[in-house]
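Here are my notes for a first look at this structure. Please read them with the model open.

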Amino acid sequence: MYLIKNRVNVLQAWLWCVSLWPCWLSHAVPLDCKDETGSLAQCASISQEKLLDRVIQHAELIYRVSEESCTLFEDMFVPYPLHALRSQGGNLCHTKPFPIPGSKSEIQQISDKWLLHSVLMLVQSWMEPLIYLQTTLNRYDDAPDALLNKTKWVSDKLLSLEQGVVVLIRKMLDEGILTSSSIFEHTLTPYNEQSPEVLESVLRNYNLLICFKKDAHKMETFLKLLKCRQSNKLSCVSY
């Protein structure tokens, strides 16, 4: 009886998300920076203030969708006794060794330059894992379209977010860009294409979703703190 009720609740939540999905997307301001030649000129022509607002909006949406994806995956595939892993998530994240502040006091002490570079590091570090996630979810027989669409959407928007952050670094810091190859050459473990056991695959994907949600929240927080500092507010300690 519990399983039937749980499946009904999941289906209701899925239908609710699908119904709101077009509404959320309609409020997102496009952040496609590259033109036909591959140049970032389209975002370069936007004022720094408006570009930062657009980047923040994208980060907010990415975090929101990451939360929904994690919850939907948990309800559909993760056995209830293993739901406690969500509170323990973060210890196995591939971004944990990165030199990125974690506590509020550390975040408040870093410069605007390092805030932007931290966001860029996080964005670039998730490109390959999200592709891996999409590939494995496509192998699930009963993966709902809502979950598949969300992971694909996040992967696409992450690329747009990267482009926006790159232009912001050029505008605000007037310097070159840290590339993914120079940052992650010795830190990222390649994702192989072998097919693990079903439970192992579920737990690995679950951990990926938990970790990405945590990192997406960091991206949003760092960008909002940067916006607060740029607004010359007296206090930004809430971030």
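1. Start with lysine 224 and glutamate 60. Their side chains meet in a salt bridge, 2.9 Å from N to O. Lysine 224 lies in helix 10 and glutamate 60 in helix 3, so the pair ties together parts 164 residues apart in sequence. Both ends are partly exposed: lysine 224 has a relative accessible area of 23%, and glutamate 60 has 30%. Bear in mind that this is a predicted model.

2. Next, lysine 227. One of its salt bridges is with aspartate 53, where the closest N and O atoms are 3.0 Å apart. This pair also links helix 10 to helix 3, and so ties together parts 174 residues apart in sequence. Aspartate 53 is partly exposed, at 36% relative accessible area.

3. Lysine 227 also forms a salt bridge with glutamate 49, with the closest N and O atoms 4.0 Å apart. Here the parts tied together are 178 residues apart in sequence, since lysine 227 lies in helix 10 and glutamate 49 in helix 3. Glutamate 49 counts as exposed, at 54% relative accessibility.

4. Through shared partners, Glu49, Asp53 and Lys227 join into one salt-bridge network. The salt bridge count comes to 7.

Key:
Residues are numbered from 1 along each chain as its sequence is written. This is a predicted model: local features need pLDDT of at least 70, side-chain atom pairs count only at pLDDT 80 or more; totals for chains, interfaces and linings use all residues. Side-chain values use heavy atoms; hydrogens and water are left out. Helices (H or I, at least four residues) and strands (E, at least two) are DSSP runs, numbered from the N terminus. Buried means under 20% relative accessible area, exposed over 50%, partly exposed in between (1.4 Å probe, protein chains only).
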